[in-house]
Structure formats: C-alpha cells, structure tokens
Amino acid sequence: GLEIDCKLLGISLVSQKNKGFFVLFPQNKELEKQFTEIIKPLFENEKIEKVAHNIKFDKNVLLNYGIQVKGKTFDTLLAHYLLDPETRHKLDILSEKYLEYTMIDFETVFGKNTKPPFSIEKINQDLLTEYAVEDADVTFALKPILEEELKQNNLLDLFLNIEMPLVDVLLDMERQGVKIDTNQLHVFSQSLQEQKQHLEERIYQLAGKEFNISSPKQLGVILFDELQISSDKKIKKTQTKQYSTSEEVLQKLINYHPIIPLILEYRSLTKLKSTYVDTLPEIANPITKKIHTSYKQATTSTGRLASENPNLQNIPIRTELGKQIRGCFIAQDEEHTLLAADYSQIELRIIASLSKDPNLCQAFQSRQDIHLSTASRIYMLPTENITSEMRRNAKSVNFGIIYGISAFGLSEQLHIPRKEAQELIDQYFASYPQIKQYITTCIESATSKGYAQSICGRKRYLPDIHSANANLRNFAQRNAVNMPIQASSADMIKIAMINVYDRLRKECP
C-alpha cells in the first residue's frame, strides 16, 4: 500500500492522438493548493471519460490531493488482462504488440537503479516531458484497439460490469486499510520464541546433537545419514546432490520418526513469526497505524484477486497459530465492528450447477452436509454410520476430483492403499454420473476451442491441450476442468463485493 504515501511529480494528459502535454506539479504548498483547484474539476467531471493504464494507482495518488476521478473509466491494463491473462501487461510490451512502437526506457530518463523519490533538478526536463506524454499517448492509442478486441472476444460485458466497477471497491479497501493490535502481536512473538526454543531442544535430543534446523543441508544429513529415516521409496536428492527436505518429502515421512512432525512444526512456527508476527507491526503505516495491502486484479489466470505488501490472503486458518494471528486484526475503533461473510462450498455448488448432477444438486437443495452426503454414497452406508474419517476421505475426493486427482495422488494424501483410493474414485463417479460427463465435456470443449471459460465469459487459453508431451497435455486438461469452476467462483465473489460496496455507500454515507 505504498500509494497512499505517493507524492506527485507531474501529470501528463492526452485528449487526441499524438498531442499531449505534461505539467510539473508544484513542490510548494501554496502553489500546490492552487494547482489542485485548477485540475480538480477536470478529473471530477462525470461527462469526461478517463483512460489510464493501471487506473487504480492513478486514482489512489490523486486521492492523496483530494481529487476524485469520476465518470466513465477504461483501464488498458485490465482490458489486456482479460484478453491474455497469462502474459505480462506492461505498457511498453502492449505498445510493441499493438502499435509496433518502442517506448522510451525508464532508466534513460531517471538513470540506472534510481528509485523514488526523484530529485527534479537531476532529471532532464525535456526527456521527462517526452517520457510522461508518451505514456499517456500510448495508453490513449491502445484504448480503441483493446476495446474492439474485448468486443470480438465477448469480454466487454465482463470488463464493464465486473472488472472496472471492482477498481473502486479495491481502491477503497486499500485506503481504508486494516488495523492490527501491535501489543498483542508483540506478546505473541515472545510466546512463539519460547515455543521455538522448546522445539529446538526436543529436536536436538532426538537428533543426538545440535545443528542448524533451518539448513536443509544439515537437516538432510541428520535425517537420512545419521538417523537413517527412510520409507520404502528412495529419498530424492536436489540438483546440488544434497538430500531434499521439502515439505512434500517430510509429510510422507511423518509417521516414520518422531523428529519429523517436530521439524514441520518448527518450520511452520518460524515462517509465521518472520512473515507475520514480527513483520506486520513494522509495515503498518506510521500515520494511519494500519496495514495497507495492495490488491492485484491482474495477476492470476483464473480471475482471483491477489494481495501483496503484505499478502493478507494466505494467513493459515486451520491451525491454532493462524487463528491467533487473525485475531490480531481488529476493528478500527469502538464505533466499528469486523464482519466476515463468505459463500459456503461455493466451488462445489458451481460444480453442481454446471454439471446438473441430480444427486449433487439434491444434496445442496435439501441443505445436507455435502461431505457427509458424499461419504454416505461412496461407502453405501446410511449417514449415521459414517465415521469422521470416512467424511474426511469423502471431502478429499469432493475437492480432489475436480482438480483431476489420481488414485496415486489420493492414496498419498489420505495415507491409504492405491487400490482403496481407486475404489473411492470409482464409487464417486458412480454416485455422481453427470460429473464424469461434465469433465469429458470440459476437456472436449477446450480441445476444440483452445480455451476454457467461466460462466461470465472469462477465458483462459490452454495451448498445451494439443501438446505431444503427455504431462503438459494432462495439466492443460486438468485446467480445462477446474478453470471454469475457479473463475466462476472468482467472478461471483467480485460481483458480491461490488454489490455490497454499492449498498454500503448508499445506506451508510
């Protein structure tokens, strides 16, 4: 969330092709105020359409000066993201691709390895003007081309009704930020440090010596040479010829020696402490005392949002420690409260809707516990006879099927024989016959069209679906099945965010 601290160097504007101007922003408080008053009506005029590349950033910086960008907007970055979600969307790349025009390089103007804030005296003013106006001019020239492409690809509705309205929702979320309880985090950090030391002692005891637990090389030697822990499979080595001690490798060995679960716990503690507990207070904004993350709208190939600086979307929720970290995010004051709202089993409901499987639809319509209902079908037992382990297995199958899980994958995940895993999968398809049909249809459709598509028309191109390499082809086929589900779920969440935001603005001014 660095934007809320951004200062303006200047503004470049273009209103007709190849004609534009750049205005240096006054670096004097009195002049800045006068200048702001002059340009404000232009940005706040609802009749004038505004085109920008990454408009959320521009809107954010202008808000620092009390200028609200109003009226119809068009973001060339988001337009290109819908057309080609897998590639990069930088302006110079789009300029080469669509206009066959090479833009001035940033380093040419600002010098190598230069980072803001920029000293205006050290910059060549003519170069700066050319660089800034070119930026606006290229964006202006791209707009009609991208708009036409969106139309041709039936993506204009998605762009105008979901992606563009979402910009203001995310902008408001970023500026609002979220408050953290720094005292609570500090106490938590000390308690984690004590837990870490306690774990270290137990690990050293089991290892018979002290070593650096965070060093994969030393850990590999302890586990596989000294303690000689092994499963029936050969332990993998990394490219540097040392033992692999990745999460995946250790998870498979979890029942082979008591040291393994302790190491996994130690790693998880260390990661949480350094990534969140110790870092969050340091990155809180000194003025607002809040965390202002940046929400990225154009990074995932399925349309899901991403968050960075810091990433607030991957704080673990299932572990006790993760819950404690989440508990450190608090409402901003006594007048406010934190409300959490979510869709229940959204992806499975979308599968039910897309596949029209009568059994799955019936389970949702009669408000059954979906994993219990699946377990009852695949084990062919009444629900009251289903154990928690059976339900857990059914849950893995429910979520795994749609990501193309194999009998091998399921057996590894559930620690059950491969034959039993295959029986679970076979029973699943026998219970929900339309899902098998849905999977086949998705793969056939993507193979003939070259892309998979969400309910709202979001596309993901899958060139590897025709690959001669079976691994690449299988991966593309799995994407053909799960992309429509993930992307439709992302679209629905975005629509909900826009609707909630609009109502909050109307009813809680």
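**Backbone and burial**

Pro310 sits in the loop that runs between strand 8 (306–308) and helix 13 (320–326). The model is a predicted one. The peptide bond leading from Asn309 into Pro310 is cis, with omega near -5°. Asn309 belongs to the loop between strand 8 and helix 13, and its phi is near 55°, a positive value in a residue other than glycine. Most peptide bonds are trans, and most residues other than glycine have a negative phi.

A positive phi also occurs at Gln228, which is not a glycine and has a value of about 50°. Gln228 is placed in the loop between helix 9 (216–226) and helix 10 (247–252). Gln228 counts as exposed because its relative accessibility is 60%, and the cut-off for exposed is over 50%.

Leu170, by contrast, is part of helix 7 (residues 156–176). Its relative accessibility is 0%, so Leu170 counts as buried. Leaving aside neighbours within four places in sequence, Leu170 is in contact with Lys56, Tyr295, Gln297, Leu305 and Met497. Glu384 is 214 residues from Leu170 along the chain, and the C-alpha atoms of the two are separated by 45 Å.

What does the surface show around Met492? Met492 forms a nonpolar patch there with Tyr343 and Ile493, and together they have about 240 Å² of accessible area. Met492 itself lies in helix 21 (residues 470–507). With a relative accessibility of 34%, Met492 counts as partly exposed, a class that falls between the cut-offs of 20% and 50%.

Terms used
Residues numbered from 1 in each chain as written. Predicted model: local features only at pLDDT ≥ 70, side-chain atom pairs only at ≥ 80, totals over all residues. Heavy atoms only, no water. Helix = DSSP H or I, 4+ residues; strand = E, 2+ residues; numbered from the N terminus. Buried < 20%, exposed > 50% of the residue type's maximum accessible area, 1.4 Å probe, protein only. Contact = heavy atoms within 4.5 Å. Patch = residues over 30% accessible without salt bridge, like charges linked within 9 Å, V, L, I, M, F, W, Y side chains within 5 Å. Areas by Shrake-Rupley, 256 points an atom, 1.4 Å probe, with all protein chains shown as cover. Salt bridge = Lys/Arg side-chain N within 4 Å of Asp/Glu carboxyl O.
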